[in-house]
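Hello,

Here is the structure for you to look over. My notes follow below it.

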Amino acid sequence: MGLKLGRLFGKKKLKQEHKVLSQLQSRHEAVVPEYHRPTPECPHPERWSMYDSMTAEVEVLEFLRTLVTTIKPELIVETGTFSGISTLWMAEGCKANGFGRIVSCEFDPLVYENAKARVARSGLAEWIELRNESSLEMAVEGRIDLLYSDSDLPIREQEVRRFLPQINPYGLILMHDASSHLKEVRAAALKLEQEGLISAVLLPTPRGLVVAQKREGRR
Ligand SMILES: C[S@@+](CC[C@H](N)C(=O)[O-])C[C@H]1O[C@@H](n2cnc3c(N)ncnc32)[C@H](O)[C@@H]1O
């Protein structure tokens, strides 16, 4: 059973993350057509599905799992756990590989507790280390093979810069919410590319996904 979020968060004005978590729970995690607005690169967002406006599109979740089985990362870092759904999809990939570890951080304590409960009942906890801290303070040991940046939009650039020295040059960097409508993350990825730090591909999904690699890995 999940935590009773409505009761946990009380009746005061809900923070967006808390509101979306409550809605996710009251809808019994039903999947609905994606409702982010059409963009020139993705004119039919309704062809995608989503749990809610925070969790990555279902097709992106499938992509994350497949990416994990395709590149077989030993260390995955995720920023922005939210409900833990994306963490669990990547953990499915680690389980299929038979190795790998995901370190995922969520700085909101209530959101973190909810994700912790979900991970505990998932049967995938052995692949996951959840941290209740900010991505801008979190220390992770080791070489990162896959970075999934999915926290607060304005800090995604900082996150990538912060973890860049630790990222495997042959590994991958993913930045979610990089659509032309959401602008900020797309601009951050293009700036990092212009500076010669990464090479980026912009996947035309409803919310946009950057798939990038450190420039030094392109030898
Ligand atoms: C878009 S949601 C993450 C969705 C999740 N990755 C998924 O697809 O299922 C963003 C989350 O990042 C958290 N967050 C915002 N700033 C953060 C930071 N600096 N460090 C860690 N988490 C942060 C928010 O509380 C929110 O739960």
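Helices (H or I, at least four residues) and strands (E, at least two) are DSSP runs, numbered from the N terminus. Residue numbers start from 1 along each chain as its sequence is written. The model is predicted, with local features needing pLDDT of at least 70 and side-chain atom pairs counting only at pLDDT 80 or more, while totals for chains, interfaces and linings use all residues.

H181 sits in the loop between strand 7 and helix 7. It is partly exposed because it has 17 C-beta neighbours inside 10 Å (buried means 20 or more other C-beta atoms within 10 Å of a residue's own, exposed 12 or fewer, partly exposed in between, with C-beta atoms placed from the backbone). Leaving out residues up to four places away in sequence, H181 touches R37 and T39 (contact means C-beta atoms, placed from the backbone, within 7 Å).

Helix 7 covers residues 184-194, and its buried residues are V185, R186, A188, A189 and L192. Viewed down the helix axis, these fall within an arc of 160 degrees, so they line one face of helix 7 (the arc is that of the directions from the axis to the C-beta atoms). K191 and Q194, on the other side of helix 7, are exposed. The buried residues pack against helix 6 (156-163), strand 7 (167-176), strand 8 (198-203) and strand 9 (209-214). Just after helix 7, G196 has a positive phi of about 80 degrees.

The open sheet has seven strands in the order 5-4-3-6-7-9-8, with mixed pairing (two strands pair if DSSP finds at least two bridges between them). Strand 5 (128-131) and strand 8 are the edges, each pairing on one side only. From one strand to the next the twist averages 15 degrees (axes are lines fitted to C-alpha atoms, for helices over the stretch in contact, and angles run from 0 to 180 degrees between N-to-C directions). Strand 6 (residues 144-149) runs parallel to strand 7 and is joined to it by five bridges; S149 has M175 in strand 7 as its bridge partner. Helix 6 packs on the sheet, touching strand 3, strand 6 and strand 7, and its direction makes about 170 degrees with that of strand 6.

Around the ligand there are 22 residues, of which A56, G80, F82, S86 and D152 come nearest (a residue counts as near if its C-beta atom, placed from the backbone, lies within 6 Å).

Regards

Note on methods
Two residues are in contact if their C-beta atoms, placed from the backbone, lie within 7 Å.
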